[in-house]
Amino acid sequence: MKKVLVLFLVFSLLLIGCGKKGYKKGTEEYKFFEVMGKVVPVMSPDTTVEFVTSNDFTVVNHDIMPM
């Protein structure tokens, strides 16, 4: 139960702190995640992958990438 609560709090903080969706091409962040996307496809800056979905919110890969 504690793990679920901690996980919920982490995702809640991610939603509150992250307003940015995606990266502009040519920036250092875009280049970094482009290389990461070749190893871990979920980290690609050109794709959006939903990790958590509820009636109130959705957590996608772009929400957690800056962390």
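**Entry 1: contacts across the chain**

I looked up how far apart in sequence the contacting residues are. Of the contacts in the protein with a separation of 6 or more, 31% are between residues 24 or more positions apart; contact means heavy atoms within 4.5 Å. I note that this is a predicted model, in which local features need pLDDT of at least 70 and side-chain atom pairs count only at pLDDT 80 or more, while totals for chains, interfaces and linings use all residues. Residues are numbered from 1 along each chain as its sequence is written, and side-chain values use heavy atoms, with hydrogens and water left out.

**Entry 2: the elements and the surface**

I listed the secondary structure and found three helices and two strands. Helices (H or I, at least four residues) and strands (E, at least two) are DSSP runs, numbered from the N terminus. Along the sequence the pattern reads α-α-β-β-α.

I then took the surface totals. The accessible surface of the protein is about 5200 Å², and carbon and sulfur atoms hold 66% of it. These areas come from the Shrake-Rupley method with a 1.4 Å probe, and for residues only the protein chains shown count as cover. Of the 67 residues, 25% are buried. Buried means under 20% relative accessible area, exposed over 50%, and partly exposed in between (1.4 Å probe, protein chains only).

**Entry 3: the strands**

I checked how β1 and β2 are joined. Strand β1 (residues 50-53) and strand β2 (residues 58-60) run antiparallel, with three bridges between them. Two strands pair if DSSP finds at least two bridges between them. Val52 has Val59 in β2 as its bridge partner.

I went to Tyr23, which sits in the loop between α1 (2-17) and α2 (28-39). Tyr23 counts as buried because its relative accessibility is 11%. Not counting residues up to four places away in sequence, Tyr23 touches Glu29, Tyr30, Phe33, Pro45, Met65 and Pro66.

I also looked up the largest nonpolar core, which has five residues: Tyr23, Tyr30, Phe33, Met43 and Met65. A nonpolar core is a set of buried Ala, Val, Leu, Ile, Met, Phe, Trp, Tyr and Cys residues joined through side-chain atoms within 4.5 Å.

**Entry 4: aromatic rings**

I searched for aromatic pairs and the count came to one. The pair is Phe32 and Phe33, with ring centres 5.0 Å apart and planes at 75°, so it is edge-to-face. Rings of Phe, Tyr and Trp (its six-membered ring) pair if their centres lie within 6.5 Å; planes under 30 degrees apart count as stacked, over 60 as edge-to-face and the rest as tilted. Phe33 is buried at 5% relative accessibility, whereas Phe32 is partly exposed at 48%.

**Entry 5: Asn61**

I turned to helix α3 (residues 61-64), where Asn61 lies. Asn61 counts as buried because its relative accessibility is 0%. The Asn61 side chain reaches the backbone oxygen of Val42 at 2.7 Å, and a polar atom of that side chain lies 3.2 Å from the backbone oxygen of Thr47. A polar contact is a pair of N or O atoms within 3.5 Å; within protein, one must be able to donate a hydrogen and the other to accept it, and residues adjacent in sequence count only if both atoms are side-chain atoms.

Beyond its neighbours within four places in sequence, Asn61 is in contact with Val42, Ser44, Thr47, Thr48, Val49 and Phe51. Asn61 and Ser44 are 17 residues apart along the chain, and their C-alpha atoms are separated by 8.7 Å.

**Entry 6: His62**

I looked at His62, also recorded in helix α3. His62 is buried, at 5% relative accessibility. The His62 side chain reaches the backbone oxygen of Thr47 at 2.9 Å. From Tyr23 to His62 is 39 residues along the chain and 8.5 Å between C-alpha atoms.

**Entry 7: Val42**

Val42 is partly exposed because its relative accessibility is 28%. Leaving out residues up to four places away in sequence, Val42 touches Val49, Phe51 and Asn61. Val42 and His62 are 20 residues apart in sequence and 9.5 Å apart in space, C-alpha to C-alpha.
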